[in-house]
Amino acid sequence: MIFWALLATQVQAAPPRAELLPGANEGDWLLVIEADGQRRSDELSLTPLLRQFAVGRVTMSRVTTEVKSLTRWQIPLHRVAREASQVPSLSLGEEHTPPLPLSASPSSTQNQADSPAEAPRPSPVELQTSVLHQGPLYPGQPFLYQLTLWLPDNMEAPNLSEPVGPGFTIRRLGNDQWESPASPGMPGRLTRKWLLQAKTPGLHPLESPRFQGRMPGQRGASESFSARAATQFVKVDKAPVEPVASSLVLSQQFIPATGARVGEPIIRILTLVMEGGDGNRVPQLAMPPLPAHMQARPDGEQQQERFVAKGALRFERQWRQALTADVAGDYPLPALDLPWFNTQSGQIEHARLPAQTLHFAPVPVSPADEPAAAGELLLYWVLAILLLRALWRHWPRWRAFYRLQSALAQREPDSSRWALLSWADLRWGGSHLHLAHLPCHSDPAIGFLLDALDRACFALPATSGGEPDWQALGKGLCAFETFAIAYSLRKLA
């Protein structure tokens, strides 16, 4: 509807209007040109003016109401050619402005008598906001809020605040777009977007961000500007009982897919993917009762939320279950059903998972001595896997701890300090620049030894108070690392 309204406005738009106002001094004028619709700065050609006038800083502004929008140019002129008798016609897109004589017209004469010679200066900054959403809006449903800001490129210390709306959860989208002015003196355009979600139904006010800045003036002075677009009121309808989304998909996976033996688990992974909705409003899945001799234990849950194209918010939640059985056989799992409200169709739909049959095979019978041997072999494999996993995850940290113990054993203050900071980055995460900021510094015994190491690195030899207790420091740091590994690495160093 907005597109067709703007199109109709452009079709029925009046021709460009031009007015010439006298300036404060002889030979100075202010040319004011107005055209219906939102025009670009490069549509107006100023080339014919440059042959007869010195053109000052051009100010472009846009005026937008509910029924009409127009673009206004204000062009200061100073006559440099004495034979100039009129302002020539200027091309504005496919249209032309009317020529204006330089002699004082009745309207301009009256304007000189009744008002100051200089026309009021419009604000060089303009803000326009819009809500990018179609159709009903429900609590938790994400939508885009867009701000378009026109401002000169010479604006100093620009600052743009955030929108204010107590009834919304507001998150900034980092995809600002800046379009530089097409010609000097024309305003550029900044577009910024936010992702909003209403908290409750009702009519909620949404205040525009406030822009503040300074414009350079004459003789080094500057003028402060502050502007804010009109407050918008967003209507939020009462949400249905079911989760609200534009799309919702429910799927499941079994590992291993072929079944398992009695006593062994089958991992069931349930995944819910939703777009255009609030993940916090998704209820827990109602699990039907399981067959006899079958148990289900939780095996973890995780979820993530991220922004995708066109204002959609993608939410993904995953549940894991460990399914086991006491008796061999086939176990039918009941079907799952999750009703949800589709905002695109306006109807209640169902995300369903069909019934599934799991097979648990009996444990093979073996001689009495085989289970013990198989159990021992399995234990060795488990221990080996755990050891390899620990080495894979912690080897960089343990290697840094070994270098630390080696530096302490050689009693080198600088090498020990850098090795200690490198190990602390891997042990506690982040970046540590000083020994006094380490978490282990809160221990009085370790804190005293760390301060002694600092003095050994940075204090003068005469005031350092002697070397730190290297052996006590190396032994004390073992308490902040894996016990067996730390003491083994210390002995090896």
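Mentor: Arg 228 is partly exposed, with a relative accessible area of 35%. This is a predicted model. The partner of Arg 228 is Glu 207, and their closest N and O atoms are 3.5 Å apart. Arg 228 belongs to strand 17 (residues 222-228). Glu 207 lies in the loop between strand 15 (202-206) and strand 16 (210-216). The two are 21 residues apart, and the pair links distant parts of the chain. Glu 207 is partly exposed as well, at 32%. Partly exposed applies here because both values, 35% for Arg 228 and 32% for Glu 207, fall between the 20% and 50% cut-offs.

Next, take Arg 314 and Glu 275. Their side chains meet in a salt bridge at 3.2 Å, N to O. Arg 314 sits in strand 24 (residues 313-325) and Glu 275 in strand 22 (residues 266-275), so the bridge ties together parts 39 residues apart in sequence. Arg 314 is partly exposed at 23% relative accessibility. Glu 275 is partly exposed at 23%.

Now Glu 305 and Arg 171. Their closest N and O atoms are 3.6 Å apart. Glu 305 is in strand 23 (residues 294-307), and Arg 171 is in strand 13 (residues 168-179). The pair links distant parts of the chain, 134 residues apart. Glu 305 counts as partly exposed at 38%. Arg 171 is partly exposed at 31%.

Definitions and conventions:
Residues are numbered from 1 along each chain as its sequence is written. This is a predicted model: local features need pLDDT of at least 70, side-chain atom pairs count only at pLDDT 80 or more; totals for chains, interfaces and linings use all residues. Side-chain values use heavy atoms; hydrogens and water are left out. A salt bridge is a side-chain nitrogen of Lys or Arg within 4 Å of a carboxyl oxygen of Asp or Glu. Helices (H or I, at least four residues) and strands (E, at least two) are DSSP runs, numbered from the N terminus. Buried means under 20% relative accessible area, exposed over 50%, partly exposed in between (1.4 Å probe, protein chains only).
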